[in-house]
Protein chains: 4
Amino acid sequence: MSKPKSQIAVGILGATGSVGQKFIQLLENHPWFEITEVVASERSAGKKYAEAANWFMPGKIPENISNLIVKKLDAKLESRILFSGLDASVAGEAEENYARAGHIVVSNSKNHRFDDDVPLLIPEVNADHLQLLKSQKYTGKIITNPNCSTIGLAMALKPLLDSFGLEQMNVVTMQAISGAGMPGLPSVTILENVIPHIGGEEAKIESEPLKILGGLENGWVKNLDLAISAQCNRVPVIDGHTESVQVKLKKNATREELINAWNSFVGEPQKLELPFAPRQPLHYFEQADYPQPRLHRNLEKGMAVSIGNVRECNLFDYKFTVLSHNTIRGAAGGAILNAELMVAKGMVG
Amino acid sequence: MSKPKSQIAVGILGATGSVGQKFIQLLENHPWFEITEVVASERSAGKKYAEAANWFMPGKIPENISNLIVKKLDAKLESRILFSGLDASVAGEAEENYARAGHIVVSNSKNHRFDDDVPLLIPEVNADHLQLLKSQKYTGKIITNPNCSTIGLAMALKPLLDSFGLEQMNVVTMQAISGAGMPGLPSVTILENVIPHIGGEEAKIESEPLKILGGLENGWVKNLDLAISAQCNRVPVIDGHTESVQVKLKKNATREELINAWNSFVGEPQKLELPFAPRQPLHYFEQADYPQPRLHRNLEKGMAVSIGNVRECNLFDYKFTVLSHNTIRGAAGGAILNAELMVAKGMVG
Amino acid sequence: MSKPKSQIAVGILGATGSVGQKFIQLLENHPWFEITEVVASERSAGKKYAEAANWFMPGKIPENISNLIVKKLDAKLESRILFSGLDASVAGEAEENYARAGHIVVSNSKNHRFDDDVPLLIPEVNADHLQLLKSQKYTGKIITNPNCSTIGLAMALKPLLDSFGLEQMNVVTMQAISGAGMPGLPSVTILENVIPHIGGEEAKIESEPLKILGGLENGWVKNLDLAISAQCNRVPVIDGHTESVQVKLKKNATREELINAWNSFVGEPQKLELPFAPRQPLHYFEQADYPQPRLHRNLEKGMAVSIGNVRECNLFDYKFTVLSHNTIRGAAGGAILNAELMVAKGMVG
Amino acid sequence: MSKPKSQIAVGILGATGSVGQKFIQLLENHPWFEITEVVASERSAGKKYAEAANWFMPGKIPENISNLIVKKLDAKLESRILFSGLDASVAGEAEENYARAGHIVVSNSKNHRFDDDVPLLIPEVNADHLQLLKSQKYTGKIITNPNCSTIGLAMALKPLLDSFGLEQMNVVTMQAISGAGMPGLPSVTILENVIPHIGGEEAKIESEPLKILGGLENGWVKNLDLAISAQCNRVPVIDGHTESVQVKLKKNATREELINAWNSFVGEPQKLELPFAPRQPLHYFEQADYPQPRLHRNLEKGMAVSIGNVRECNLFDYKFTVLSHNTIRGAAGGAILNAELMVAKGMVG
């Protein structure tokens, strides 16, 4: 593995938004990356970050960030890597422009996830998809991470796919409110309530795993052939998406074989010992009422996925619960791991 | 319909518990029933109800109940009808004893739900199952209502079964904490959390609808042949169970045909204009993020079931959301409607 | 008392906002008032109400309102009474214009509360302040109700003032999120949290009671001489403001005398038997952990104030808890009672 | 400062309870202390800790603890220091017995807080009270920490007392549910609610600061002469007690002087650089709506106290908000800091 010889300068696109704030929080004291540029909309540009941002992360703004002057979205930047937490309404063009200008854009936005030459990356699952970058036309590069509710799910499915094959997957989500960004849902809407609809979310869950779990053929991703149905609900939880999952496998497998497949699963980040890699990506819990968002979302600093309560199903083969931290593993933390993978693979010059 | 000529004296078994308190709250000012006896455990017996009960319903204890002296569970009673909110650990024998002694026991407990000669009753769905009472051996009678998470579901399924046939049904529940009774879950367990397990609940949902939706053959219920899978979660909602449901039908049906089947559904309680009957048992909402527990659980005084967001499904035919009030329609209110049906049918002498 | 001979036509200003929706919900089936006009901003004008409003009250839009065409804020109106839930940014001028045009404006907004000739009215407390209307210059009239956190407090103080005199009053509020309107606070801000600040709220609580509790001298209000200190907090409660109150009295009084003063308190609305009048405006609870917002906010349809836990204080004379429903008694319901008082007093021609 | 040459063996009394679990969680990887004994009631004794405890802390049981065999409360122990999270019903005698047997008992229980010869210790505030131990009759020692709602408050008051003197202090608390232990409040009691009463809590807040802030005279504590009034409320927050505080000072002081007194405050733990010492014990926030429990309870690993919104008061001199983590700074973490202080002072042989 290549470790960087010195700190790599990184910039945050959409630095005042909720994903941007999470990037700043998570990158404090990162061993490889140092935030030197923060970028936001015209309204914030020119101000000190501490004045421009309505900081709502726990704790204080890291001191070295407070006084950075916010740059405008189309400004010329100097950072090698740009983490993008831009809103989808502006991310498409802005990310392309920065990639053309030679930056490595590590995006959390949905805009380029399905571009044929852009990896939709979960390092434990499809590190080999980085090969797509060879086809990319940009001087720099764009890589993306999946939707917050897809990441944990795809990680839980990967060892099942590898060991037993997948025929059908059904999922009902109970998603945390932080996934809606800021301001997100009004408090009177969600307190002591469930909202049985999240716009556009079901389509993402029904499509993204097909690319992520797809194999490479001639340098391009061939989507997995898998029937997926998703129903999405919002629940009054701050962080952590809980998912009730059902799978139909291609081969017979015992409950113990599933559990073993999860607990023994490791991927590239574990082998490379990347800074943000969880030691064990998937944790199976034997206690029937585990995992729970408040107890397990922060497992391995929010980068591990928790699974529990696997049991036989009358309609599919098995049903179980999957939990992952939506703003760490499912967003900013996942993007940081993506960048680390590129660095370790020597793809960040 | 027979309306009673005078108020019918009713007693509440388990009157200090959460279901018992709900019975008392709902029966205040009931046009047919008057609570004249409250029954609880030895610990409470002999005290005034206001002193024995740790009242936690909104509002005050109805005045005529406050001063009733609590009777012991095995006491001889005089009420014609006994509403039972007894804990399952004692309900089995106690309810039988009172039925043998000539009382009509209208039970919310699980103990007798699967007795061959006991109706598992939802008046809109299977009023004809009252015929089972002809086979009952008791001087009085026992009738039961289903589990709180089954009732709304079975009501939503009934018109689909009648119009299109049912092949498969899959459900993931997000259940309110009041369903766990009192004290139920510790607050630090469920606040800002999801608990992906409710002991014994999935088995109830996978079995009860088969009896409820079954037809009568030679005076006995023949269970419906239907494959059901259920996953149960507890969410931080006070009242109202939300369910993400999927169905595979026997006949083709359009989305509009489903909605029409729901909106036009009526049953015996509506024809008989029973006091607790909702005017319209099933309400379909066109707004994609409806129904929601806090907004719709009290629809038609908590006795109607709300449905929304029906859409095509990649794995089944349709998926949709069902919501019903778990302690009103799903427990005490459902039991009261059961009793009203018996009265209206002339089965309460 | 004059009861109206026929329904009085009323309009709702700011009909699509949170206070406006509450007016519509509460006025359904009102015996005296019938909503015939709904008024909102230019964006909504011309649309049917059901299309213009993002309805978020429990239950459905009353049928007779759904199809009303929303009128623009400066439109000429025909209703005798206008209930105003306008935002403070526009309420000042709009309410004056409508009063000049001959309407009786019953406002929930803060803009005119301290006008010398405008009553800041709580019918149980200062019905005599309606005399200020004689001095009003408008063809119609403007009356206002106090801030949501002032109303319950002022009602609880009134009998103490009358019986024992007040020297000092200290209050710390724990206010519900519905008081912030819609969208109000983002859900990630308040869920599982306390916000120890509500902009402008403390100043209202420290000033409004002085006018409300002031006497009339020569036709004008002479403010009460009372030192008040307030601290305001927002808590994750949907409805119902809870307040920890301390008072120093002018005369000695026993705990029982305070309780008796509260429980025996009645005002004009009770004597006049106004439709929205609670039978008993102040309810004292003996249980030490009462009142609680979820259990008691809806007491007497949300129009009564609950008090509890009165005990001696090391710094003041007594401390106790006050609770009232902030959007019913503290806003729309309070305004409706104000209008009813005017009708009953023959002041609505 | 004496640092221990090797790990000090410590035991946890009441190890399966909520405070006990917190001790175990916080002591994982402690540089000085190593848990070698876990002690609980007869029911748990003899089992492995992982089987005896219903673990409800976030994350997993530390591996070295899982397999420890739980000892019975009256068992002979070998640990030098015993951290006690015992219930008050048994703590009194058990702690004395262990102190007599030569152990240093560092207690979180209330039983011995007011013993004349037992320090009620907050190391930043009254480290000198350790002198009381000279008078203790035990072979070992007992030291205690204050109630969870007292600790943050006393820390915030200390620099004001030192710089300006204190005449009166008034406080209204909004306390987290974790303070009630496990199971604590039923979830249907507190969700979307406020409980305006916590049994015995007000008396603790009105008395404990007098001892903590008192000076030493001839080797004994002379209580501070200060009038305190407290009102306690429970709110739906997991961790973190928020307090609305008012003070009357003996000397004039500007707002800036108060803020400066807080921000510059340091005590013995900071000078000694104890492992659990926050770098800065008191943090003043300029943002008016800070501090908030969810954002600031974990400041400096939950050991710092946050203060905000100081403003002039109509009845006292100043009012402000204090926040501290009730189960870390206010319980287990505070006790650990107490033990560290004793070690650093060379009082643990």
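Trainee: How much space lies in the largest cavity?
Mentor: About 60 Å³ of space lies in the largest cavity. Keep in mind that this is a predicted model.

Trainee: And how many cavities of 30 Å³ or more does the count come to?
Mentor: The count comes to one cavity of 30 Å³ or more.

Trainee: Which residues line the largest cavity?
Mentor: Leu191, Glu192 and Pro236 of chain A line the largest cavity, along with Leu191(B), Glu192(B), Pro236(B), Leu191(C), Glu192(C), Pro236(C), Leu191(D), Glu192(D) and Pro236(D).

Trainee: Helices now. At what angle do H1 and H12 of chain A pack?
Mentor: Helix H1 (residues 18–27) and helix H12 (residues 328–344) of chain A pack at about 60 degrees, and their axes are 10 Å apart. That angle makes H1(A) oblique to H12(A).

Trainee: Is the crossing left-handed or right-handed?
Mentor: H1(A) crosses H12(A) in a right-handed way.

Trainee: Which residues meet there?
Mentor: From H1(A) there are Val19(A), Lys22(A), Phe23(A), Leu26(A) and Leu27(A). They meet Ile328(A), Ala332(A), Gly333(A), Ala335(A) and Ile336(A) in H12(A). The contact of H1(A) with H12(A) divides into eight nonpolar residues, one polar and one charged.

Trainee: Over to chain D. How do the axes of H6 and H9 cross?
Mentor: The axes of H6 (residues 148–164) and H9 (residues 255–263) of chain D come within 9 Å and cross at roughly 120 degrees. H6(D) and H9(D) are therefore oblique to each other. Their crossing is right-handed.

Trainee: What does H6(D) meet in H9(D)?
Mentor: Glu257(D), Leu258(D), Ala261(D) and Trp262(D) in H9(D). On the H6(D) side the residues are Ala156(D), Pro159(D), Leu160(D), Ser163(D) and Phe164(D). The residues of the contact of H6(D) with H9(D) comprise seven nonpolar, one polar and one charged.

Trainee: Backbone next. Is the peptide bond from Met182(B) to Pro183(B) cis or trans?
Mentor: That bond is cis, with omega near 10 degrees. Pro183(B) is in the loop between strand S7 (166–175) and helix H7 (187–190) of chain B.

Trainee: What joins Met182(D) and Pro183(D)?
Mentor: A cis peptide bond, with omega about 10 degrees. Pro183(D) is in the loop between strand S7 (166–175) and helix H7 (187–190) of chain D.

Trainee: Last one. What is phi of Asn218(A)?
Mentor: Phi of Asn218(A) is near 55 degrees, which is a positive value in a residue other than glycine.

Trainee: Where is Asn218(A)?
Mentor: Asn218(A) is in the loop between strand S8 (215–217) and strand S9 (220–222) of chain A.

Definitions and conventions. Residues numbered from 1 in each chain as written. Chains lettered and ligands numbered in written order. Predicted model: local features only at pLDDT ≥ 70, side-chain atom pairs only at ≥ 80, totals over all residues. Heavy atoms only, no water. Axes fitted to C-alpha atoms, helices over the stretch in contact; angles between N-to-C directions. Helix = DSSP H or I, 4+ residues; strand = E, 2+ residues; numbered from the N terminus. Parallel < 35°, antiparallel > 145°, perpendicular 65-115°, else oblique. Left-handed = near helix turned anticlockwise from the far one by under 90°. Contact = heavy atoms within 4.5 Å. Nonpolar A, V, L, I, M, F, W, Y, C, P; charged D, E, K, R; others polar. 1 Å grid on protein atoms, 1.4 Å probe; cavity = no way out; pocket = protein on both sides within 12 Å on 5 of 7 lines; lining within 4 Å. Points joined across faces, edges and corners; volume = space filled by probe spheres on them.
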